[in-house]
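Colleague: I am new to this structure and would like to learn how to read its features one at a time. Could you take me through them slowly, with the general idea before the case?

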Amino acid sequence: MAPERDSATRERSPAGATAAPRPRAPRLDQPRPPRRRFLPEWDPEAFGRLSERIARFLGTGRFIVWMTVVIIAWVVWNIAAPRHLRFDPYPFIFLTLMLSLQASYAAPLILLAQNRQADRDRVNLEQDRKQNERSIADTEYLTREVAALRMGLGEVATRDWIRSELQDVVKELEERRRHDGHVVFPAERAERSPGRDADDR
């Protein structure tokens, strides 16, 4: 039993005293395991939509009215309220801190919303430019086709032209018959010599 165990361990262990086990290569048919992240994760699209909503609200008259009401109430409370109920005495340092904090958050949110709007405008402009290029290419193609059709129609015989040519030919044949006295049309020859046709039969 002991020799069999020794041979099994020899087969399993790598050859040589200094040989280290090879690290397993990651499999290509499986996704990588998620890495541990110490920072919180968020959806950038959802954050962008939230920033746009806040920026839209900050740019309305409603926000200005509410901010004015809050500041007036804050100042009146800290001046007219009893001394032990005042939470921000006359220099209103806490009010200044809150307004600075609001401005420091509002500016990046507005910039983020403007960047998203600029990206959308850039995409729309690119789509409009491609659409204009396609329209110009279609217009040039149609212009070339119309010009080719006009050139082709210039060489096509019209009904009036064929009629005038046939009338000229008929006049010419009639003039030859008058001058030479020959019968040009076979129908006239058949009408003039019916006995000859009967003899031929």
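**Reading the salt bridges, pocket and patch**

Modeller: Glu 133 and Arg 129 are four residues apart in helix 4, so about one helical turn separates them; helices here are DSSP runs (H or I, at least four residues), numbered from the N terminus, as are strands (E, at least two). Please keep in mind that this is a predicted model, in which local features need pLDDT of at least 70 and side-chain atom pairs count only at pLDDT 80 or more, while totals for chains, interfaces and linings use all residues. Residues are numbered from 1 along each chain as its sequence is written, and side-chain values use heavy atoms, with hydrogens and water left out.

Colleague: What do Glu 133 and Arg 129 form, and how many Å apart are the closest N and O atoms?

Modeller: In general, side chains of opposite charge can pair when their charged atoms come close. Glu 133 forms a salt bridge with Arg 129, with the closest N and O atoms 2.6 Å apart; the term asks for a side-chain nitrogen of Lys or Arg within 4 Å of a carboxyl oxygen of Asp or Glu. Glu 133 is partly exposed at a relative accessible area of 44%, and Arg 129 is partly exposed at 39%, where buried means under 20%, exposed over 50% and partly exposed in between (1.4 Å probe, protein chains only).

Colleague: How many salt bridges does a search of the whole structure find, and which residues are linked in a network?

Modeller: The search of the whole structure finds seven salt bridges, and the network of salt bridges links Glu 45, Glu 52, Arg 56, Arg 116 and Arg 120. In one of these pairs, the side chains of Glu 45 and Arg 116 meet at 3.2 Å, N to O. That pair links distant parts of the chain, with Glu 45 in helix 2 (residues 44–58) and Arg 116 in helix 4, 71 residues apart. Glu 45 is partly exposed at 40% relative accessibility, whereas Arg 116 is buried at 17%. Arg 120 and Glu 52 also meet through their side chains in a salt bridge, at 2.9 Å, N to O. This pair, too, links distant parts of the chain, from Arg 120 in helix 4 to Glu 52 in helix 2, 68 residues apart. Glu 52 counts as buried at 8% relative accessibility.

Colleague: Which residues line the largest pocket, and what is its volume?

Modeller: On a 1 Å grid over the protein atoms alone, a pocket is an open set of points with protein on both sides within 12 Å along at least five of seven lines, and lining residues have an atom within 4 Å of a point. The largest pocket has a volume of about 170 Å³, and its lining is made by Phe 63, Trp 66, Met 67, Val 70, Ile 71, Trp 74, Leu 95, Met 98, Leu 99 and Gln 102. Helix 3 gives the most to this lining, with six residues.

Colleague: Where does Phe 92 lie, and what is its phi?

Modeller: Most residues other than glycine have a negative phi. Phe 92, found in the loop between helix 3 and helix 4, has a phi near 55 degrees, a positive value in a residue other than glycine. Phe 92 is buried, with a relative accessible area of 12%.

Conventions: 1 Å grid on protein atoms, 1.4 Å probe; cavity = no way out; pocket = protein on both sides within 12 Å on 5 of 7 lines; lining within 4 Å. Points joined across faces, edges and corners; volume = space filled by probe spheres on them.
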